Amino acid sequence: VSRITVREALRILSQAGVIETRRGKGSYVLVDGSELGKGVEGFSEYRKRFREAGRARLIIEPEAVRLVALTASEEAIAEIGRCLRHPQDTSEETGEFHKAIIRALKNPFLTEFLDRLLEAQMDAPVGALVPPNRQKGVQQKLERQHENIYRAIKSHNGECACCYMRE
């Protein structure tokens, strides 16, 4: 195998969140090796759950964020901003931002429902698929989207918040 092929494979694994490459230090595996063995058997079920949860979120979250932008207290908006400014280095980061938005509605049913939807999307069999929010290119896009949503909420622009959530 040529060096070019190995370099390309390492680049792909890095973008997928499976390894981290540090200049001058080498590459480090970021996932548990036992997870890689799960393979395809869990992938089909995970894809189905991921798609169904995503559809449900697209029905609920755009309207929820519109309402938050129009009605949320300054305290609730500040909490959403804290989730944006201090992301954790885990796959839970995306969930925390969305949970803060739903919590601002003060509706325990919606909060519990979103928790279940996020759980369905975050619990991927790593060998089959690295969750999108752990992939570098996707992570940057999510961060920009979250910033746009937050700016719209902060300026009480429900329409823009709704549109950014649908992206």
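These notebook entries record what I looked up in the structure.

**Basis**

I worked from a predicted model, in which local features need pLDDT of at least 70 and side-chain atom pairs count only at pLDDT 80 or more, while totals for chains, interfaces and linings use all residues. Residues are numbered from 1 along each chain as its sequence is written, and side-chain values use heavy atoms, with hydrogens and water left out.

**Entry: the hairpin**

I began with strands S1 (residues 19-22) and S2 (residues 26-29), which pair in the antiparallel sense over 4 bridges. I took strands as DSSP runs of E of at least two residues and helices as runs of H or I of at least four, numbered from the N terminus; two strands pair if DSSP finds at least two bridges between them. S1 and S2 form a hairpin with 3 residues between them. Gly24, in the turn, has a positive phi of about 80°. Across the pairing, I found Thr21 opposite Ser27 in S2.

**Entry: side chains of Glu20 and Arg22**

Which residue forms a salt bridge with Glu20? I found Arg22, with the closest N and O atoms 3.4 Å apart. The term denotes a side-chain nitrogen of Lys or Arg within 4 Å of a carboxyl oxygen of Asp or Glu. I noted Glu20 as partly exposed at 27% relative accessible area, and Arg22 as partly exposed at 41%. Here buried means under 20% relative accessible area, exposed over 50%, and partly exposed in between (1.4 Å probe, protein chains only).

Arg22 also lies over the face of Tyr28, at 4.9 Å from the ring centre. For this I required NZ of Lys or CZ of Arg within 6 Å of the ring centre and within 35 degrees of the ring normal.

**Entry: other salt bridges**

The count over the structure comes to 9 salt bridges. I looked up Glu79 and Arg82, whose side chains meet at 3.1 Å, N to O. Both lie in helix H4 (residues 74-85), 3 residues apart, and are therefore separated by about one helical turn. Glu79 is partly exposed at 28%, as is Arg82 at 41%.

I then turned to Asp115 and Lys99, which form a salt bridge at 3.8 Å, N to O. Asp115 lies in helix H6 (residues 108-122) and Lys99 in helix H5 (residues 92-103), so the pair ties together parts that are 16 residues apart in sequence. Asp115 is partly exposed at 30% relative accessibility, whereas Lys99 is buried at 19%. I also recorded one network, in which salt bridges that share partners join Glu63, Arg66, Glu159 and Arg166.

**Entry: cysteines**

How many disulfides does a search of the whole structure find? I found 0, a disulfide being a pair of cysteine sulfur atoms within 2.5 Å. Cys162 is buried at 3% relative accessibility, and Cys83 is buried at 13%.

**Entry: Gln145**

Lastly, I located Gln145 in helix H7 (residues 136-154). Is Gln145 buried or exposed? At 11% relative accessibility, Gln145 counts as buried. Leaving aside neighbours within four places in sequence, I found Gln145 in contact (heavy atoms within 4.5 Å) with Tyr164, Met165 and Glu167.
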